[in-house]
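Please open the model in your viewer and keep the sequence panel beside it.

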Amino acid sequence: MDSKQIELLAAKKVKDTIISTDRLRPYINENDKTPIWDSIVLLYKADNHENSNKHLKGSVDVQLKES
């Protein structure tokens, strides 16, 4: 497997894990070469928020890197 495949699989795993929760929504970019944050995870106060700003509690910046 090359490094691109590894990066794509890692991003998918992170997204799949976050999606399995009720209050988190991932916005994970793939193949992004931004030096700092290239993705974000949104945190909602309530389940079944349907991406409503009313229930948005905050966000976490994310940087995925291959090691």
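## First stop: a pair of charges

The structure holds 1 salt bridge, a term used here for a side-chain nitrogen of Lys or Arg within 4 Å of a carboxyl oxygen of Asp or Glu. This is a predicted model, in which local features need pLDDT of at least 70 and side-chain atom pairs count only at pLDDT 80 or more, while totals for chains, interfaces and linings use all residues. Residues are numbered from 1 along each chain as its sequence is written, and side-chain values use heavy atoms, with hydrogens and water left out.

Select Lys12 and Asp16, which form the salt bridge, with their closest N and O atoms 2.7 Å apart. Side chains of opposite charge can pair when their charged atoms come close. Because Lys12 and Asp16 are 4 residues apart in helix α1, about one helical turn separates them. Lys12 is partly exposed at 46% relative accessibility, and Asp16 is also partly exposed, at 38%; buried means under 20% relative accessible area, exposed means over 50%, and partly exposed lies in between (1.4 Å probe, protein chains only).

## Second stop: the whole chain

Now zoom out and colour by secondary structure. The chain has 1 helix and 3 strands, and from the N terminus on its elements run α-β-β-β; helices (H or I, at least four residues) and strands (E, at least two) are DSSP runs, numbered from the N terminus. Taken along the principal axes, the C-alpha atoms fill a box of roughly 40 × 25 × 15 Å. Of the 67 residues in the chain, 18% are buried. The chain exposes about 5,000 Å², of which carbon and sulfur atoms supply 53%, with accessible areas taken from the Shrake-Rupley method with a 1.4 Å probe and, for residues, only the protein chains shown counted as cover.

Which residues make up the largest nonpolar core? Select Ala11, Ile18, Ile28, Val41 and Val62, the 5 residues that form it; a nonpolar core is a set of buried Ala, Val, Leu, Ile, Met, Phe, Trp, Tyr and Cys residues joined through side-chain atoms within 4.5 Å. Stay on Ile28 and display its surroundings: not counting residues up to four places away in sequence, Ile28 touches Ala11, Val14, Lys15, Ser39, Ile40, Val41, Val62 and Leu64, where contact means heavy atoms within 4.5 Å.

Ser39 is in strand β2 and, at 6% relative accessibility, counts as buried. Show its side chain and look for the backbone nitrogen of Asn29, which lies 2.9 Å from a polar atom of that side chain. With residues up to four places away in sequence left out, Ser39 touches Tyr27, Ile28, Asn29, Val60, Asp61 and Val62.

Step back to Asp38, which lies in the loop between β1 and β2. Is Asp38 buried or exposed? Asp38 is buried, with a relative accessible area of 6%. Under the rule that sets aside residues up to four places away in sequence, the residues touched by Asp38 are Asn29, Asp32, Val62, Gln63 and Leu64.

Asn31 is placed in the loop between β1 (24-27) and β2 (39-44) and is partly exposed, with a relative accessible area of 41%. Select Lys4 as well, a residue of helix α1 that counts as partly exposed at 29% relative accessibility. Although Asn31 and Lys4 are 27 residues apart along the chain, their C-alpha atoms are separated by 7.5 Å. Not counting residues up to four places away in sequence, Asn31 touches Lys4 and Glu7. If you then draw a distance from Lys4 to Val41, C-alpha to C-alpha, it comes to 22 Å, for residues 37 apart in sequence.

## Last stop: Ala46

Finish at Ala46, found in the loop between β2 and β3 (56-62) and partly exposed, with a relative accessible area of 23%. Leaving aside its neighbours within four places in sequence, Ala46 is in contact with Asp22, Arg23 and His55. From Ala46 to Ile28, the distance is 21 Å, C-alpha to C-alpha, and these two residues are 18 apart in sequence.

Notes
A polar contact is a pair of N or O atoms within 3.5 Å; within protein, one must be able to donate a hydrogen and the other to accept it, and residues adjacent in sequence count only if both atoms are side-chain atoms.
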